[in-house]
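Me: I have just opened this one and would like to go through it slowly with you. Can we start with a single residue and work outwards?

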Amino acid sequence: GSRSAQQGATGGDGSAGGAVAHTPSAEDFSLSLLDTNLPAEAETELRSFIAKRLTKGALFEGMGNVASVGLSIPESKVGCYYCRFQQESLLEMPTLESDISAPEYVVCFLGGSEKEDTFRLELDKYIQNLKINLDLEQKNLETCVSPYLRSWFEDAICPIQRVVQLFQDNLASLLHAALSYTPVEVKNADERTEKDISRFLAAASLQGLVQEGTMTSLCIAMTEEQHKTMVIDCSGPQPQLHNAGSNRFCEDWMQAFVNGAEGGNPFLFRQILENFKLKAIQDINNLKRFIRQAEMNHYALFKCYLFLKNCGSGDILLKIVKVEHAEMPEARNVVTVLEEFMRE
């Protein structure tokens, strides 16, 4: 075996466990505890689970996994997010002897179920920030790393829930801004609220689901329309919105969020957000199909128009397809006609 591995744990709704693994090869490593808030028996079981995964070579650096783990705690089966990483500063240092590698760490966050999988990307980012905070000798374990590990649930899982509770009926405008790539400026907000709003907008946008070029063009188009910037003023108990847009689609989905707020389950909010984006993508794909048909068929053009009128989000969908079809003359003509009809 070799030097050590990190394990961190968190209280509240989520626990964190971490183990540090120095892994020259899949079989040759040792795990030693750095930080946890798990009972000793459960920590040993978690360490055994992580050791098996390491032996199988199932942990890739910087990419988190989520699994169900049986532990000797009241819940018995818990969802465990675990991620292996190497210290940032050591990645860049050349090793003098080939058989010595930098210490590696495994961080585990435990929640009530495998629903942590819906937040895997957020937790991966959370680990990236931990790499920056971790110094070589772990001198800052008590002052920096432990508090960071213990606040994982609040910082990575709860932002969407906090935004829903803060905005309530104004949430429709936030969803509209995210879908239409409208620039958003936040004023008079504390750091956490500003970060929460920014994360919500990123999570609600169609980034990664529409073509990269389309997204870039939409961002440029919306930024050039200076009057379109939405301003959120957080100086009062309720955010005040200026230049806010909305449509029936976003208002219907806002209602789903507000109804879900009674239970106060952050995983439910994330699922609603994913369904919201899925429906928007389905509508875009349907409209594109209708436009292809409308290039040769006037009845299909009328179907396009009816779809835009009834889907509740015609304003945004039209902008997206206009950008996507900018280089296609026939489709562009269809979009121009649709724009005229929608204006009338």
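Me: Is F290 buried or exposed?
Reply: This is a predicted model, and in it F290 has a relative accessible area of 12%, so F290 counts as buried because the cut-off for that is under 20%.

Me: Which ring does F290 pair with, and how are the two arranged?
Reply: F290 forms an aromatic pair with F307, with 5.5 Å from centre to centre and 65° between the planes, which makes the pair edge-to-face. The two residues are 17 apart and link distant parts of the chain, since F290 belongs to helix α11 (residues 266-294) and F307 to helix α12 (residues 298-311).

Me: And F307, buried or exposed?
Reply: F307 is buried as well, with a relative accessibility of 17%.

Me: What lies over the face of F290?
Reply: R289 does, at 5.2 Å from the ring centre.

Me: How many aromatic pairs are there in the whole structure?
Reply: A search of the whole structure gives 17 aromatic pairs. Ring pairs also join several residues into a cluster, made up of Y81, F109, F119, Y126, Y148, W152, F153 and F267. One of these, F119, has the charged end of R270 sitting over its ring, 5.3 Å from the centre.

Me: Changing topic to helix α3, which residues are buried there?
Reply: The buried residues in α3 are L123, D124, Y126, I127, L130 and K131. They cover an arc of only 155° around the axis, so they lie on the same side of α3. On the other side of the helix, L121, K125 and I132 are exposed.

Me: Why would residues a few places apart end up facing the same way?
Reply: An α-helix has 3.6 residues a turn, so residues three or four places apart point the same way.

Me: What span should α3 have, and what does the model give?
Reply: Helix α3 (residues 120-133) has 14 residues, and at 1.5 Å a residue it should span 20 Å, which agrees with the 20 Å between its end C-alpha atoms.

Me: How many disulfides are there?
Reply: The search of the whole structure finds zero disulfides. As for individual cysteines, C158 is buried with a relative accessible area of 5%, and C234 is buried at 15% relative accessibility.

Me: Stepping back, how many helices and strands does the protein have?
Reply: The protein has 14 helices and eight strands, and buried residues account for 47% of its 344 residues. Of the contacts between residues at least 6 apart in sequence, 68% join residues at least 24 apart.

How values were computed: Residues are numbered from 1 along each chain as its sequence is written. This is a predicted model: local features need pLDDT of at least 70, side-chain atom pairs count only at pLDDT 80 or more; totals for chains, interfaces and linings use all residues. Side-chain values use heavy atoms; hydrogens and water are left out. Rings of Phe, Tyr and Trp (its six-membered ring) pair if their centres lie within 6.5 Å; planes under 30 degrees apart count as stacked, over 60 as edge-to-face and the rest as tilted. Helices (H or I, at least four residues) and strands (E, at least two) are DSSP runs, numbered from the N terminus. Buried means under 20% relative accessible area, exposed over 50%, partly exposed in between (1.4 Å probe, protein chains only). A charge sits over a ring if NZ of Lys or CZ of Arg is within 6 Å of the ring centre and within 35 degrees of the ring normal. The expected span of a helix is 1.5 Å times one less than its number of residues. The arc is that of the directions from the helix axis to the C-beta atoms. A disulfide is a pair of cysteine sulfur atoms within 2.5 Å. Contact means heavy atoms within 4.5 Å.
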